[in-house]
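Subject: Structure handover

Hello,

Please find the structure below. My notes on what was found in it follow directly after.

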Amino acid sequence: STARYLSEPPLRLISRLSLFNYLLFHTAAELFSIIVATSMFLIAWNTNRFSRDNFLMYLAVGYFWIGALDLIHTLAYPGLNIFQITGTNTAVQYWIIARFFEAILLLSAPLFFERKVSPGILFIGFGAGTTVAFGFVSTGMAPHLFFEGVGLTPLKIYSEYAIVGLLSAALLHLYWKRAHLDKNIFYALAASIVLTMAAELAFTFYVSAFGLSNLVGHIFKFTSYWILLGVIIRTTLIGPYIKLGNENKQRKEAQEELDRFFSLTFDMQCIAGLDGYFRRLNVAWENTLGYSTAELKSCPFVDFVHE
């Protein structure tokens with residue numbers, strides 16, 4: 001039974017957890033999103049010197065720190081009893097701040113198609129913003145967003161609508177800058193943003209932290225992160241290999257064309273190296289001069305050139 005569950009796709013596997021224990025499902029879904037965000041960062045960070053993709057680096061660093069906020073949100077969730085916190089409000093506060101960060105990140109990311117970023121400065125900047133956000137909630141300065149037995153406050157609901165508005169603007173901005181992206185990558189990023197919007201709308205309905213709309217929202221979020229990971233992998237890992245394969249194919253085709261040219265022409269054609277010796281020559285040299293190919297390659301090319 002364990003082997004059967006572990007062989008299932010991650011989305012189906014995590015969804016099944018909700019049938020046994022919702023707290024387990026929430027923790028697994030959030031931890032998966034955090035692992036995805038961390039993986040995005042590690043892949044983009046370690047391949048940046050080759051890919052030089054400022055857009056993806058900006059997204060990856062931002063999602064790393066969003067993942068840090070999501071981790072705090074997960075640990076603060078009611079029932080885990082890791083923090084000395086009672087109730088759902090604190091977890092909701094961290095959630096809203098993380099989602100605002102995510103919406104602003106997605107809205108601003110297309111600006112970096114044409115702008116250079118310093119990964120180190122970017123990391124420190126996003127880290128400083130995350131630290132300020134953590135202090136804002138932990139010191140009790142954040143407004144109340146959830147009351148037990150009552151549900152969401154109007155501020156929380158309006159905040160979710162504001163996040164959806166920012167995500168809609170992010171989708172339009174991405175569409176405006178779509179010329180900078182491969183078509184499939186553009187569609188994947190757009191789908192991820194739409195799923196994130198659907199998740200935020202789902203989070204405007206729940207009365208309990210263990211309710212159905214909360215479950216649906218986390219499934220949407222899980223799926224959007226899965227798509228983002230695919231974008232990072234395809235762009236930074238698979239993409240270069242595809243490009244290299246295409247270059248090798250073009251090089252092979254050029255070599256075949258050169259072979260045909262050498263074999264069909266009656267003119268004396270050759271390729272010589274910088275050392276002055278033949279690298280390659282066609283049969284016309286043998287027919288014209290009477291030397292074998294081996295004899296010709298043992299002599300400098302300039303020996304056969306008139307003074």
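This is a predicted model: local features need pLDDT of at least 70, side-chain atom pairs count only at pLDDT 80 or more; totals for chains, interfaces and linings use all residues.

Is Ser159 buried or exposed? With a relative accessible area of 10%, Ser159 is below the 20% limit and therefore buried. Setting aside residues up to four places away in sequence, Ser159 touches Ile96 and Phe100. Ile96 lies 63 residues from Ser159 along the chain, and the C-alpha atoms of the two are separated by 7.4 Å.

The chain as a whole

The protein chain has eleven helices and four strands. Of its 307 residues, 41% are buried. Taking contacts between residues at least 6 apart in sequence, 65% of them join residues at least 24 apart.

Leu145

Leu145 also touches Ile96. Leu145 is placed in the loop between α6 and β1, the strand at 146–147. Its relative accessibility is 5%, which is under the 20% cut-off, so Leu145 counts as buried. Apart from neighbours within four places in sequence, Leu145 is in contact with Asn89, Val92, Gln93 and Ile96, and also with Gly151, Leu152, Thr153, Leu155 and Lys156. For Gln93, the separation from Leu145 is 52 residues in sequence and 6.6 Å in space, C-alpha to C-alpha.

Helices α4 and α5

How do helix α4 and helix α5 pack, and at what angle? Helix α4 covers residues 54–75 and helix α5 covers residues 89–108; their axes are 8 Å apart and the packing angle is about 170°. An angle over 145 degrees counts as roughly antiparallel, so α4 is roughly antiparallel to α5. On the α4 side the contact involves Tyr58, Leu59, Gly62, Tyr63, Ile66, Leu69, Asp70, Ile72 and His73. On the α5 side the residues are Ala91, Tyr94, Trp95, Ile97, Ala98, Arg99, Phe101, Glu102, Leu105, Leu106 and Ser108. Sorted by class, the contact of α4 with α5 has 14 nonpolar, three polar and three charged residues.

Helices α3 and α6

Phe41, Trp45 and Asn48 of α3 make the contact with Pro119, Gly120 and Phe123 of α6. By class, the residues of the contact of α3 with α6 are four nonpolar, two polar and no charged.

Trp45, in helix α3, takes part in the contact with α6. Which residues does Trp45 touch, not counting residues up to four places away in sequence? They are Met57, Pro119, Gly120 and Phe123. Gly120 is 75 residues from Trp45 along the chain, with 9.8 Å between the C-alpha atoms. The relative accessibility of Trp45 is 36%, between the 20% and 50% limits, so Trp45 counts as partly exposed.

Ile43 is placed in helix α3 too. At 18% relative accessibility, Ile43 falls under the 20% limit and so counts as buried. Between the C-alpha atoms of Ile43 and Met57 there are 9.4 Å, and the two residues are 14 apart along the chain.

Cavities

How many cavities of 30 Å³ or more does the structure hold? There are two. The notes here concern the second largest cavity, which has about 50 Å³ of space. Its lining consists of Phe55, Leu59, Leu106, Ala109, Pro110, Ala170, Leu174, Leu189 and Ile193. At least two lining residues come from each of α4, α7 (154–176) and α8 (183–202). Which classes make up the lining of the second largest cavity? By class it has nine nonpolar, no polar and no charged residues.

Regards

Key:
Residues are numbered from 1 along each chain as its sequence is written. Side-chain values use heavy atoms; hydrogens and water are left out. Axes are lines fitted to C-alpha atoms, for helices over the stretch in contact, and angles run from 0 to 180 degrees between N-to-C directions. Angles under 35 degrees count as roughly parallel, over 145 as roughly antiparallel, 65 to 115 as roughly perpendicular and the rest as oblique. Contact means heavy atoms within 4.5 Å. Ala, Val, Leu, Ile, Met, Phe, Trp, Tyr, Cys and Pro count as nonpolar, Asp, Glu, Lys and Arg as charged, and the others, Gly among them, as polar. On a 1 Å grid over the protein atoms alone, a cavity is a set of points where a 1.4 Å probe fits but cannot get out, and a pocket is an open set with protein on both sides within 12 Å along at least five of seven lines; lining residues have an atom within 4 Å of a point. Grid points are joined across faces, edges and corners, and a volume is the space filled by probe spheres set on the points. Buried means under 20% relative accessible area, exposed over 50%, partly exposed in between (1.4 Å probe, protein chains only).
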